[in-house]
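Thanks for coming, everyone. Let me put the model on the screen, and then we'll walk through it.

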Amino acid sequence: MTTDTKTIKTLVDKEYKYGFVTEIEADSIPRGLNEETIHMISAKKNEPEWMLKWRLKAYRHWAKMKKEKGEPKWVNVKYPSIDYQDIIYYSAPKPKKELKSLDEVDPDILKTFEKLGIPLEEQKKLSGVAVDAVFDSVSVATTFKEKLAEMGIIFCSFSEAVLNHPDLIQKYMGSVVPYTDNFFATLNSAVFTDGSFCYIPEGVRCPMELSTYFRINAESTGQFERTLIIAEPGSTVSYLEGCTAPMRDKNQLHAAVVELIALDDATIKYSTIQNWYPGDKDGKGGIYNFVTKRGKCLGRNSHISWTQVETGSAITWKYPGCILQGDNSIGEFYSVALTNNHQQADTGTKMIHIGKNTRSTIISKGISAGYGQNTYRGMVKILKGATGARNYTQCDSLLIGDKCGAHTFPYIEVKNPTAQMEHEASTTRIGEDQMFYCKQRGISTEDAISLIVSGFCKKVFRELPMEFAVEAQRLLSVSLEGSVG
Amino acid sequence: MLEIKNLHAKVDSFEILKGVDLEVNAGEVHSIMGPNASGKSTLAQVLTGRETYKVTAGEILYEGKNLLDMTPEVRACEGVFMAFQYPVEIPGVGSAYFLKAALNAIRKHHGIEEIDAMDFLALAKEKMKLLNIDEKLLNRSINEGFSGGEKKRNEIFQMAILEPKLCIMDETDSGLDIDAMKVVAKGVNALRSPERAIIIITHYQRLLKYIVPDFVHVLVDGRIVKSGGKDLALELEDKGYAWVEEEAVKSK
C-alpha cells in the first residue's frame with residue numbers, strides 16, 4: 001500500500017492532544033511505600049481510625065504478596081518491573097483547604113478541565129451531566145451536588161463519603177473487591193487517595209449522567225482511586241468515567257478499584273472512556289493501567305452493565321466483571337479496546353453466575369494496529385445453583401497492518417447442566433478490498449479506516465450514552481491516525 | 001474525456017495489458033467485450049487505481065490530466081466511478097452513512113459545502129424510486145446480506161447519487177436474472193447524458209440489448225483487436241470470440 005504508507009508518514013507524528021502539564025503547586029508526600037506512608041495518607045485526609053486500620057491490613061497483605069509472588073504473571077503483557085519505592089503515593093493541588101464552591105478551586109485546575117472539554121462550571125447545567133473531577137490524588141470539584149441531594153442521591157468524592165457516610169462505606173467497601181483480591185487491588189486498598197462515591201436511594205431514577213473525570217498531573221505520581229456505587233432497590237443510575245494524563249517519558253502507575261452494588265430491581269450502567277497517555281510511537285512513557293472493576297448483582301432482577309472504550313495507556317489490565325448473585329439478574333460487558341504503536345492490552349470480563357436464571361452478555365471488540373498487542377481474557381463461571389443460566393459471548397478482533405497481534409483466552413466453567421452457553425469469536429483484517437471500495441467512492445484512507453473500525457465497534461458504541469458515543473468514535477479515529485501500513 | 005495510449009499493466013510478474021489504445025468522449029457509451037482472462041477487469045482496476053496492478057508503460061489522460069498520477073480517492077472525486085463486479089461487504093457501516101460520506105468527500109474536493117442528512121435522505125429516496133430499491137436498504141450495512149441482484153442495483157444506486165463523469169461497469173450483468181438486468185439497464189440509461197461517458201465491461205451481448213452502446217471493442221490477450229458499432233456485439237454473440245482472435249492473429 002504505497003499511498004497509504006505516505007499517509008502514515010505525514011500523520012504518524014500526530015500528538016496526544018491531552019498531554020499538557022498544568023503548573024500548580026502540589027502538596028506531596030515523599031516517594032516510597034511503607035507503613036509510615038499509609039499513616040501519612042490517612043492523616044492528610046483526616047480519616048477515622050477504622051479507615052486507617054483497613055488500609056494497614058491491606059498494606060501488610062500486599063507486602064506479603066509482593067514478597068511471596070509479586071505481580072501477577074499470567075498476564076499477556078510485557079513491562080519492566082515496577083519500583084514501588086519510586087512512586088509518590090499522595091499529591092494534591094495546593095492550597096488544601098476545604099472548598100465550598102467551584103469559585104474556590106484553583107483557576108489553573110479549572111482551566112485544565114476546560115481544556116479537556118469537561119464542563120465544571122455551574123452554568124453548563126444544560127449539558128445534564130454531574131461531574132466529579134479528580135486531579136492527581138484528590139477530588140477537586142463535584143457539580144450538581146445540591147440538586148441531586150434533593151432526591152436523596154449522594155454523589156461526592158470518596159474521601160468525603162468516608163467522613164460523612166461512614167456506615168455505607170463500612171458496609172460496602174471491599175464487599176465486592178475484597179482487599180485481598182489481587183496484587184493491584186490490594187495495593188489500592190492500602191494507598192487509595194480519592195475517587196467517587198454514589199448512592200442512589202430506593203426507587204430513584206438518577207435524572208442525569210454521573211461522571212468522574214480523572215486526571216494525573218504531577219510527575220512520578222501514582223493514581224489510586226476508588227469508586228463505589230450503591231443502587232438501592234428499584235433505582236437506576238448511569239455513570240461515566242473519563243481519564244487523561246500528561247505526556248511523560250516515564251511510565252506512571254494507575255491502579256484503581258471500582259465496586260458496584262445493585263440491589264433488587266436496580267440498574268447500574270457504568271461506562272468508561274479511557275484515554276490515559278499511551279506513550280509515544282516508540283513505546284516510551286505512558287500509563288500502566290492496572291484496574292480491578294467488579295459489580296455485584298446482589299438483588300433479584302438487578303442489572304449491571306459495563307461499557308468500556310479503551311484507547312489509551314501503555315498497558316491496560318482490566319476485567320470488569322459481574323457477580324450475578326440475585327435470581328434473574330443480568331450482567332453485561334461491552335468493550336472496545338484499541339492498541340496502536342507499542343500499546344498492550346489484556347482485557348475482558350468475568351461473569352460469575354450464582355443465582356437462578358441469571359443472564360450475561362459479553363461483546364468484545366479488539367482492534368490492533370502498529371505493534372499493538374491486544375488480548376481478550378474472559379471467564380464465565382456457572383455455579384451449581386445457577387439453574388437456567390445463560391451466557392452469550394462474542395469476541396471479535398480486527399487487525400490493521402501486519403505487525404500487531406490479537407489473542408483470545410476464554411475460560412468457561414459450568415457446574416449446572418441446565419446452563420446455556422454461546423461463544424462466537426472472529427479475527428479479521430481490514431481488507432484491502434474494503435479499503436479500495438471506500439477509496440473508489442472518494443473516501444480518504446484515514447476516513448475509510450475510521451469508517452470500517454466504527455462499523456466494527458457499532459454494537460458497543462450503541463451502548464454508550466449518546467453524547468459519549470460521539471466522543472468515543474472521534475477518539476477512536478484520532479487514536480488510529482496513521483496506523484495503516 | 002479519456003485517452004488511453006499504449007497501456008501496459010501487470011499483476012505480480014504477469015503482463016496482462018499489452019498495449020491498449022482507447023479513446024472515450026463525453027456522451028458516449030463504450031462496451032468492452034472479450035473472452036475470459038483477456039484483461040477486461042484489469043483495465044477497470046487500472047483506471048480506478050487499484051494498487052495491486054502496476055502500469056509498466058503507456059499513459060492515461062483523463063480530461064487532459066494524467067490519471068495515473070492521481071490516488072484512487074482523487075480519481076473518484078474527479079468523477080471516475082466503478083460499479084464493482086463483486087461489491088464488498090462492510091459490516092456495521094450503514095449504506096446511507098457510507099454514501100453520504102462519499103458524496104461529501106466528493107463535494108469537499110470540489111469546494112462545495114457538505115450535504116446535510118435531511119437533503120441527503122430526500123436525494124436518496126428519489127434515486128431509489130428510479131431503481132426500484134427498497135428504502136430499507138439505506139439502513140442496512142453496506143452489501144451485508146444483500147442478494148447478488150441487490151448488490152448490483154446498489155452499485156447503480158451509488159452511481160446515481162454520486163453522479164460521476166466516467167462510469168465503468170465491471171461485469172455488472174454477471175449473476176443477474178433478466179428482471180434485475182432490466183432494472184439495472186433502466187438505471188444506467190437514465191444516467192446517460194451528453195456530459196457523461198460510460199464503459200460497460202461484459203462477456204455477453206445480453207446487457208447490450210438494454211443498454212445500447214455507441215461503440216463495441218473486443219479485447220483479446222491484452223489488446224483491443226477489433227472495434228465497431230453496436231452490431232459488432234451481435235456478430236460476436238453469433239460467432240463467438242474465436243473468429244476475432246483468428247483475425248487478430250492474421251493481421252499481425
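One term before we start: two strands count as paired when DSSP finds at least two bridges between them. And keep in mind that this is a predicted model.

Start with strand β20 of chain A, residues 373-382. On one side, strand β18, residues 344-353 of chain A, pairs with β20(A). The sense is parallel, over 10 bridges. Now take β22(A), residues 405-414. β20(A) pairs with that strand too, again parallel and over 10 bridges.

Which residue of β20(A) is the bridge partner of K350(A)? M379(A). And M379(A) also stands opposite Y411(A) in β22(A).

Is β20(A) enclosed or open? Seven of its 10 residues are buried, so the strand is largely enclosed by the rest of the structure.

Next, the cores. In soluble globular proteins, nonpolar side chains tend to be buried together. Here the largest nonpolar core has 114 residues. I367(A) and V453(A) have the most contacts inside it. V453(A) touches I367(A), and its other contacts include L398(A), I400(A) and L480(A). There is a second, separate core of 53 residues. Among them are L56(A), A92(A), L253(A) and Y319(A).

Over to chain B. Nine helices, 12 strands. Its radius of gyration is 18 Å, close to the 18 Å that the globule rule gives for 252 residues, so chain B is as compact as a globular protein of that length. The C-alpha trace spans about 60 × 40 × 35 Å along its principal axes. Buried residues make up 53% of the chain. The accessible surface of chain B is about 11,100 Å², and 50% of that belongs to carbon and sulfur atoms.

Conventions
Residues are numbered from 1 along each chain as its sequence is written. Chains are lettered from A and ligands numbered from 1 in the order in which they are written. This is a predicted model: local features need pLDDT of at least 70, side-chain atom pairs count only at pLDDT 80 or more; totals for chains, interfaces and linings use all residues. Side-chain values use heavy atoms; hydrogens and water are left out. Buried means under 20% relative accessible area, exposed over 50%, partly exposed in between (1.4 Å probe, protein chains only). Helices (H or I, at least four residues) and strands (E, at least two) are DSSP runs, numbered from the N terminus. A nonpolar core is a set of buried Ala, Val, Leu, Ile, Met, Phe, Trp, Tyr and Cys residues joined through side-chain atoms within 4.5 Å. Contact means heavy atoms within 4.5 Å. The radius of gyration is taken over C-alpha atoms; the globule rule is 2.2 Å times the number of residues to the power 0.38. Accessible areas come from the Shrake-Rupley method with a 1.4 Å probe; for residues, only the protein chains shown count as cover. Lists of a residue's contacts leave out its neighbours within four places in sequence.
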